[in-house]
Amino acid sequence: MNAQPFQDSVDWHCFGCGRLNDHGLQIKSRWDGDDVVCQWQASPFHVGLPGRVQGGLIATAIICHALWTATATACRNEGIEIKEPMTFAFSTTSLNLEFVAPVPIDGLMTLRAHVIAIDDEKATVTCSVFVDDRETTRAHSQHRRIRLQP
């Protein structure tokens, strides 16, 4: 995998992926071949049902990871470097989640995503979450490309 996480190249405060948000999840996404991979460990206060990660936090991690998957794919396709100032990003328009198995609060989550369709306006991303090589969550999301800079 590429050593530099995409999120470390921008000055964002996003709750899920912003490196400047001390209270956020601070996920880190990187290329792994044609997939984008992120590993994230929940803290004890991220608990939902006893011993399990709260589902909304899983959804947040997936959304941010999918957005970065779309952004990185667009950048790769267009020969654009991920760096400040970013002129565009993606915004989620739909998310379909299937919780296959509970995520233990002490389990290291591995999110693996890839773009299945992309054009100048939108991207479709699939993402699976694994704990110890066991799939726990599947997601299918759509995202709209938005302009960040004039």
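Predicted model: local features only at pLDDT ≥ 70, side-chain atom pairs only at ≥ 80, totals over all residues.

Biologist: OK, and how many aromatic pairs does the structure hold?

Modeller: There are four aromatic pairs. One of them joins W12 and W68, with 5.1 Å centre to centre and 35° between the planes, and the pair is tilted.

Biologist: Where do W12 and W68 lie?

Modeller: W12 is in the segment before β1 (29-32), while W68 belongs to helix α1 (residues 55-78). They are 56 residues apart in sequence, so the pair ties those parts together.

Biologist: And is W68 buried or exposed?

Modeller: W68 counts as buried, because its relative accessibility is 1%.

Biologist: What about F88 and F90, how do they pair?

Modeller: F88 and F90 go edge-to-face, at 6.1 Å centre to centre with 85° between the planes. Both are buried.

Biologist: Which residues form the aromatic cluster?

Modeller: F6, W12, W31 and W68 form one cluster.

Biologist: Changing topic to charges. What lies over the face of W31?

Modeller: That's R76, at 3.5 Å from the ring centre. R76 also makes a salt bridge with D34, where the closest N and O atoms are 3.3 Å apart.

Biologist: Which parts does that bridge tie together?

Modeller: R76 sits in helix α1 and D34 in the loop between β1 and β2 (35-41), so the bridge ties together parts 42 residues apart in sequence. R76 is partly exposed, with a relative accessible area of 42%. For D34 the value is 62%, so D34 is exposed.

Biologist: Where does the charged end of R145 sit?

Modeller: Over the ring of F88, 3.6 Å from its centre. R145 also meets E78 in a salt bridge, 2.6 Å from N to O. That pair links distant parts of the chain, with R145 in strand β6 (residues 134-147) and E78 in helix α1, 67 residues apart.

Biologist: How accessible are R145 and E78?

Modeller: R145 has 22% relative accessibility, so R145 counts as partly exposed. E78 is at 38% and counts as partly exposed too.

Biologist: How many salt bridges does the count come to?

Modeller: Nine. Among them is E135 with R138, at 2.9 Å from N to O. E135 is partly exposed at 21% relative accessible area, and R138 is partly exposed at 36%.

Biologist: Which residues are joined into a network by shared partners?

Modeller: D32, D35 and R112 are joined into one network by their salt bridges.

Conventions
Residues numbered from 1 in each chain as written. Heavy atoms only, no water. Phe/Tyr/Trp six-rings, centres within 6.5 Å; stacked < 30°, edge-to-face > 60°. Helix = DSSP H or I, 4+ residues; strand = E, 2+ residues; numbered from the N terminus. Buried < 20%, exposed > 50% of the residue type's maximum accessible area, 1.4 Å probe, protein only. Lys NZ or Arg CZ within 6 Å of the ring centre and 35° of its normal. Salt bridge = Lys/Arg side-chain N within 4 Å of Asp/Glu carboxyl O.
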